[in-house]
Amino acid sequence: MLRFILSFFGTIFSLVTTGLILLALVIGGVLWMYSRDLPNHEALAQYQPPTISRIYSGEGKIIDEFARERRLYTPPSEIPDLVKFAFISAEDKNFYSHPGYDVRGMVAAAMAAAQGGRLRGASTITQQVMKNFLLSSDRSAERKIKEIILASRLEQSLSKDEILALYLNEIDLGARSFGVTAAAQTYFNKTLYELAPEEAAFLAIHPKAPYSYHPVKNYDAALTRRNFVLREMYENGYLEQAAYETARLEPIRSVQNGDYESFRAQLPNRDYFTDEIRRQLSQDFGEEEFFEGGLSIRATIDPELQGVAARALEGRLETLDRERGVWRGTGKSIDAAMIDAGTWEEALGEIRVARDVTLDGGWHVGAVDQIGDQQITVLVEKIGEVSVPREDIAWMRGSFVDNFERGDVVHVRRMSSGDNGTGDLIRWSLRQVPQVQGGFVAMDVNTGRVIAMQGGFSYQNSVFNRATQATRQPGSSFKPFVYAAALDSGFTPATIVVDAPIEINTPQGVWRPQNASKQFYGPTPLRTGIEQSRNLMTIRLAQEVGMDVVAGYAERFGVYDQMGQFLASSLGAEETTLYKMVSAYAMFANGGERVEPTLVDRVQDRFGRTVYKHDQRGCEECKVASLDAGFAPTIVSNRERVMDAITAYQLTSMMQGVVSRGTAQGRVNLPVPVAGKTGTTNDGKDAWFVGFTSNIVAGCYIGFDTPRAMPGASGGGFCGPVFNEFMQEAVAKFGGGKFRVPPGGHFIKIDRFTGARLSDDASGANVVAEYFRDGEEPVFGVMFDGGFAMGSDLPMFEAGEVDSGERAVETTSGSTIKIPKKATFNSLSSGGLY
């Protein structure tokens, strides 16, 4: 009997053993089969996730960021324990004890499924890392087996904290934020170390359902789930009871609820600036590196002056738009039934209109409710009902009834007793985004650092950047390049050029250019020609020096890549951008040295290595640990000279006259010396002003995106006020001084009407001190179509005399010259010698 019992149990033991061996062989075979083609998990040790590229101001504040997935990588050692414990409690409480997979969890999940419950994945954090990085998300036994195999292998390769860091840097936590660092900033505008327990627990509720716990839309569900995580943290020993009791009573405070300021709100009006950085660096580094490489970009922007530039341009465009008297509104509306139902604010939130206008304290978005004869009521986002009186629409044609319908989406602003919407309310006022558009750029004349750039009225209304992307005819603002070529070719500011009719034969026929005034002014000094923007003088100069020379100057200054050599181009007929024009004028202002414009001071990669630096000047003493008291490092300029320094000063002096008594007179009023040039194209389609002080150059362009006439347009009248408003603040911040006089020349007093030399003690409105090169004296002569009359052989004219055709004009020596084409000389004194 005993032998039988022993035999029986021996058989059972053999069968069990055999079964276990077979089971082990089967499991081993399955694991071997699925492990053959698994991806290499060892690559995760060198994991570099796609990371946000961030743009910082000079003060180190974040002003924008770019990424396909909003992710900031944080190394394992820099993730606080509080954050780790919150996610472990929510997702995998046995994380620090299991070998990569949790047998107890899988058994519990299987038993729950067998009892009719929902099938749960029972994945550990390590398994989720494998799924997220190396495997697909499909629910299959094959994927699960591979996941377990890879998880066990990963546990042998990396520490627990390294695995957890991979997980915490990769997961989607809602609000388009990936990883805990980005999510902490998105929801709370905090670093990980600044998070309170309830905030860390809030982040930990998102991995399984990242878009189901929005802190506003799903507040109650989010609060319940957050408190569950807090209880788990307490029960797992990660929170003291007092801390747990305090945390669970806290409401969910977030950026989305308006409890914290968003980091994006730190610098309004920066979108055109940072979007241009995106465009340029994507081209330089490649889009993949820019959007995923975690670049740290230090921008040249001056936040204060950027705001001034935006408001100056916005204000001028709005003024020009209101002068037309036409109401267009936003062209959008909401259903009036939503107003009746009280859901109007939610409906407004779905409407895409400009919400980034900071002019006058900021514009608000609302919907028209009641329309009366003397007022309308508007339901305004986050404010409620306001009324707009009849007097507010005095500028537009028609009444409230003529222009509005219930449900119309409109912009309004708060008119108040203080500046920018501050102080007591005066009334609410209707506003609209102008049709006329423009651009503005300002930069340092010595470094090319762009300190402000506005590409239009509103980035949210139109992302097209008129400062860098709009190619337009610069008109007369191009003329300084013609005059620069002339000054380098032997002309002086006192050289006389005949302002008289001219005919140019072209393939399209005879071209008869005119001055803007439709008048002719006879022999005139170069200075007056640029101050009054005389077209005919400019064309004669271009003929004399040669359009090939003029084109060479324009290309050397970067205005054009390849300029056509047509006389019409001397009047600014070819297209360029405001960005290029401002850059070129910077070289006039700094004495003729090349500057390369830049929106970026420095770019660093994700490891902090500098991969681009704009300033290439030398500074050997900067490498010295310390200098003697009272001494500063010497910065050595290695910039290329693009024009003669004396020519640059002469041109600057002439353009000072444009501001003080020329086409920009009365439009620019600064406490420091300022020079500039206006530009207006045919039919007033484009208006320009580019000007500079000793350290800042700025330019403004105004026109329609589809060019058409702007009645009454002029560069001085349209753009001058924008330049002046900006430069008032720029001068207050950065100062300014006299333009540096280069060596190698001397001043001689000249009559600015005749070009004649005056005595050293001469004074009066007609006297100007011109700068001549050493050895160079004023040349008393007249440039006319046939050449020069010089010395004692000078023509004589009487005021109002008309000379045309072959009529000979007597000179002082008794000889004659011919002034072809009809001319009216109305700026000369009778009997004057020129």
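A salt bridge is a side-chain nitrogen of Lys or Arg within 4 Å of a carboxyl oxygen of Asp or Glu. The views below show a predicted model.

**View 1. Asp-392 and Arg-427 form a salt bridge.** Their closest N and O atoms are 2.5 Å apart. Asp-392 sits in the loop between β8 (384–389) and α16 (400–403), and Arg-427 in strand β10 (residues 425–431), so the pair ties together parts 35 residues apart in sequence. Asp-392 is buried, with a relative accessible area of 3%. Arg-427 is buried too, at 18%.

**View 2. Glu-593 and Arg-639 form a salt bridge.** The closest N and O atoms are 2.4 Å apart. This pair links distant parts of the chain, 46 residues apart. Glu-593 lies in the loop between α21 (578–589) and β17 (600–604); Arg-639 lies in the loop between β18 (610–613) and α22 (645–661). Glu-593 counts as buried at 18% relative accessibility, and Arg-639 as partly exposed at 24%.

**View 3. Glu-198 is buried without a salt bridge.** The residue belongs to helix α8 (residues 197–203). Arg-253 is the nearest side chain of opposite charge, 5.1 Å away; the cut-off is 4 Å. Glu-198 touches Arg-226, Leu-230, Ala-247 and Glu-250, leaving aside residues up to four places away in sequence.

**View 4. Helix α9 (residues 219–235) has a buried side and an exposed one.** Ala-222, Arg-226, Val-229, Leu-230, Glu-232 and Met-233 are buried. Seen down the axis, the buried residues fall within an arc of 160°, so they line one face of α9. They pack against α2 (81–91), α8 and α10 (241–248). The face turned away carries exposed Asp-220, Thr-224 and Glu-235.

How values were computed. Residues are numbered from 1 along each chain as its sequence is written. This is a predicted model: local features need pLDDT of at least 70, side-chain atom pairs count only at pLDDT 80 or more; totals for chains, interfaces and linings use all residues. Side-chain values use heavy atoms; hydrogens and water are left out. Helices (H or I, at least four residues) and strands (E, at least two) are DSSP runs, numbered from the N terminus. Buried means under 20% relative accessible area, exposed over 50%, partly exposed in between (1.4 Å probe, protein chains only). Lys and Arg count as positive and Asp and Glu as negative; His and the chain ends are not counted. Contact means heavy atoms within 4.5 Å. The arc is that of the directions from the helix axis to the C-beta atoms.
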